[in-house]
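Please read it alongside the sequence and the coordinates.

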Protein chains: 2
Amino acid sequence: MPASEFDLIDRYFKRDAPANMLGVGDDCALFAPPPGMQLAASTDLLLEGRHFLSDMDPCALGHKALAVNLSDLAAMGAQPLGCLLGLALPAARAGQPNWLAGFARGFWAQADAHGCPLLGGDTTRSDTAVSISVTVFGALPAGQALRRDAARPGDDVWVSGRTLGAADMALAILQGRCTDNSACLALLRPALERPEPQVALGVALRGIAHACIDISDGLLQDLGHILAASACGARLYEADLPVAPPLANWPLEQRRPAVLGGGDVYQLCFTAPAHARQRVLQAGEEVGTEVSRIGLITAEPGLSVLDAQGQRLPFLPRGFDHFGDDHAA
Amino acid sequence: MPASEFDLIDRYFKRDAPANMLGVGDDCALFAPPPGMQLAASTDLLLEGRHFLSDMDPCALGHKALAVNLSDLAAMGAQPLGCLLGLALPAARAGQPNWLAGFARGFWAQADAHGCPLLGGDTTRSDTAVSISVTVFGALPAGQALRRDAARPGDDVWVSGRTLGAADMALAILQGRCTDNSACLALLRPALERPEPQVALGVALRGIAHACIDISDGLLQDLGHILAASACGARLYEADLPVAPPLANWPLEQRRPAVLGGGDVYQLCFTAPAHARQRVLQAGEEVGTEVSRIGLITAEPGLSVLDAQGQRLPFLPRGFDHFGDDHAA
């Protein structure tokens with residue numbers, strides 16, 4: 001006999017809320033941003049079969065479900081305050097205590113790592129697949145958000161980390177679309193299943209960076225959102241892209257689509273004025289995250305990528321559009 | 001060819017955010033509660049085939065998706081500030097502009113009616129059914145939330161509106177589980193498909209009511225949450241229950257399960273001290289909502305219902321548990 005909804009909530013998801021907050025167990029969670037701070041909020045849906053594979057390790061899934069939302073807070077420069085979880089489970093999953101326990105363990109580990117306690121949510125039965133919705137709240141000083149519309153011509157373009165292409169290629173190998181390089185899977189898989197949101201970097205970039213976005217749908221597409229919102233263009237240098245180490249020695253043509261267009265990266269792509277280069281490098285150092293200068297913002301619209309010989313790439317991979325093509329995870 | 005995710009967002013869901021807020025189009029929404037106010041937040045998942053029927057009018061669905069969340073704010077006494085929407089659509093739905101336009105119309109009408117603008121969200125493709133997640137934020141003065149754990153022995157128990165049983169019976173008729181009374185469907189259906197969240201009443205009850213909950217899973221089950229959180233019991237008088245008019249003349253045995261146990265009500269069940277009766281009635285009058293005194297809170301635990309003859313009902317219907325039985329909408 002399946003456990004009741006309320007038993008499940010109590011067993012895996014209920015913990016005492018921090019002081020001055022009301023957590024799981026009432027109609028709403030209650031909390032307050034620190035005085036003078038704005039609230040940042042974001043929500044994401046993750047569906048089994050589309051955003052994650054059915055056999056994904058539940059602990060990694062719990063980690064990722066929160067991590068991809070924390071990444072949105074990071075992209076605004078917000079400090080996490082708390083989160084809500086909506087979880088729709090088929091009967092088979094609800095009856096697998098190990099699956100739920102693993103999911104909760106991964107979720108709480110991320111929550112603890114980033115000071116983002118689970119404050120409430122909704123659990124329900126699903127007739128088909130697992131659906132997960134996570135909503136995160138963060139705080140930041142009014143006026144200091146790293147908005148998409150803040151890029152200026154002459155800004156440098158930066159990317160955090162050194163993982164471009166890793167998640168996309170890991171998925172290709174798992175789905176059998178790329179069989180030659182399955183030896184790399186062990187190296188690439190953590191990028192796909194346990195992305196590390198750049199929360200500390202986002203906070204450190206307040207007052208330094210102009211525009212910022214997290215790379216969820218692919219570098220070119222996400223940078224494209226900054227360009228559209230800021231009404232400017234960009235030129236990138238392929239040789240300067242922080243390509244994931246296992247892919248760095250692959251032939252350019254083979255890795256290029258994953259590096260430029262691959263989604264699920266959850267690093268920050270941001271712009272900053274040239275005079276702030278030293279401060280950007282210092283912010284990266286302070287939080288222990290590599291930051292790479294990969295190009296610059298131009299007044300003329302359009303996005304171009306120059307190869308190591310300074311030649312403009314004639315074709316650019318498309319980014320990930322959930323409704324546009326079949327490139328779905 | 002289906003429209004892209006970004007086209008869909010722009011066409012149906014993007015509007016200018018109110019002053020001092022950042023809405024759809026960045027990594028996070030930005031807003032702030034009024035100075036000195038706490039934030040209340042709640043999230044709900046609605047799945048096609050489980051929480052709503054596939055042929056439900058999309059405008060009603062958009063209305064209900066937000067209304068059921070606003071009802072959670074109402075149950076805390078919070079004033080709505082804004083909301084986020086996660087929407088997973090099968091290709092067939094994404095390609096039906098009338099469906100999406102209808103959904104957006106119903107959603108925005110509720111948002112406008114309660115001052116709860118859509119500030120952001122997530123749209124994605126679903127391989128199976130429609131999944132909807134809505135998260136709402138509201139504000140309320142610190143310390144004035146109508147919490148579930150605030151009921152006290154001697155409190156009156158109240159219910160708002162006069163709709164008990166309506167939504168449950170409408171669903172039974174729509175699903176063919178109750179064929180005798182299909183003539184009532186037109187009268188009952190609005191309660192199921194267009195519930196009106198008692199936001200104004202919740203705000204008006206601040207400082208008057210003790211505990212409060214919205215009736216989503218059935219009167220007895222939801223009142224049971226108050227009793228468990230407040231460590232007390234209750235005695236209800238069946239003759240005083242505000243039964244939906246079309247059901248008022250039905251035989252007691254036929255309507256009782258729907259009235260006591262039927263979900264999807266979205267009225268408030270709350271407790272208030274006996275000396276506050278006049279203020280409760282006045283609050284209801286001010287916001288144009290009927291309020292009925294249906295029983296009282298007892299020091300001894302347990303929940304009993306007395307019939308018109310003062311006899312305790314020997315059997316009480318079970319409430320709705322998403323994982324516990326097959327009584328799903």
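Predicted model: local features only at pLDDT ≥ 70, side-chain atom pairs only at ≥ 80, totals over all residues.

Residues are numbered from 1 along each chain as its sequence is written, chains are lettered from A in the order in which they are written, and side-chain values use heavy atoms, with hydrogens and water left out.

**The interface**

In chain A, 67 residues are in contact with 67 residues of chain B, where contact means heavy atoms within 4.5 Å. Between them the two chains bury about 5400 Å², with 58% of that area on carbon and sulfur atoms; buried area is the accessible area (1.4 Å probe) that two parts lose on being put together, summed over both.

The polar side of this interface includes 19 residue pairs in polar contact between chain A and chain B, both residues being at pLDDT 80 or more. A polar contact is a pair of N or O atoms within 3.5 Å, where within protein one must be able to donate a hydrogen and the other to accept it, and residues adjacent in sequence count only if both atoms are side-chain atoms. On the side of chain A that touches chain B, strand 2 (residues 37–47) of chain A gives the most, with 10 residues, and the residues of that side divide into 33 nonpolar, 20 polar and 14 charged. Here Ala, Val, Leu, Ile, Met, Phe, Trp, Tyr, Cys and Pro count as nonpolar, Asp, Glu, Lys and Arg as charged, and the others, Gly among them, as polar. Helices (H or I, at least four residues) and strands (E, at least two) are DSSP runs, numbered from the N terminus.

**Asp127(B)**

Asp127(B) lies in the loop between strand 4 (118–125) and strand 5 of chain B. Leaving aside its neighbours within four places in sequence, Asp127(B) is in contact with Gly49(A) and Arg50(A), and a polar contact of 2.8 Å joins the side chains of Asp127(B) and Arg50(A).

**The cavities**

On a 1 Å grid over the protein atoms alone, a cavity is a set of points where a 1.4 Å probe fits but cannot get out, and lining residues have an atom within 4 Å of a point. Grid points are joined across faces, edges and corners, and a volume is the space filled by probe spheres set on the points. The count comes to four cavities of 30 Å³ or more.

| Cavity | Volume | Lining by class |
|---|---|---|
| Largest | about 100 Å³ | seven nonpolar, one polar, five charged residues |

Helix 5 (166–174) and helix 6 (185–193) of chain B each supply at least two residues of the lining of the largest cavity.

Definitions and conventions
1 Å grid on protein atoms, 1.4 Å probe; cavity = no way out; pocket = protein on both sides within 12 Å on 5 of 7 lines; lining within 4 Å.
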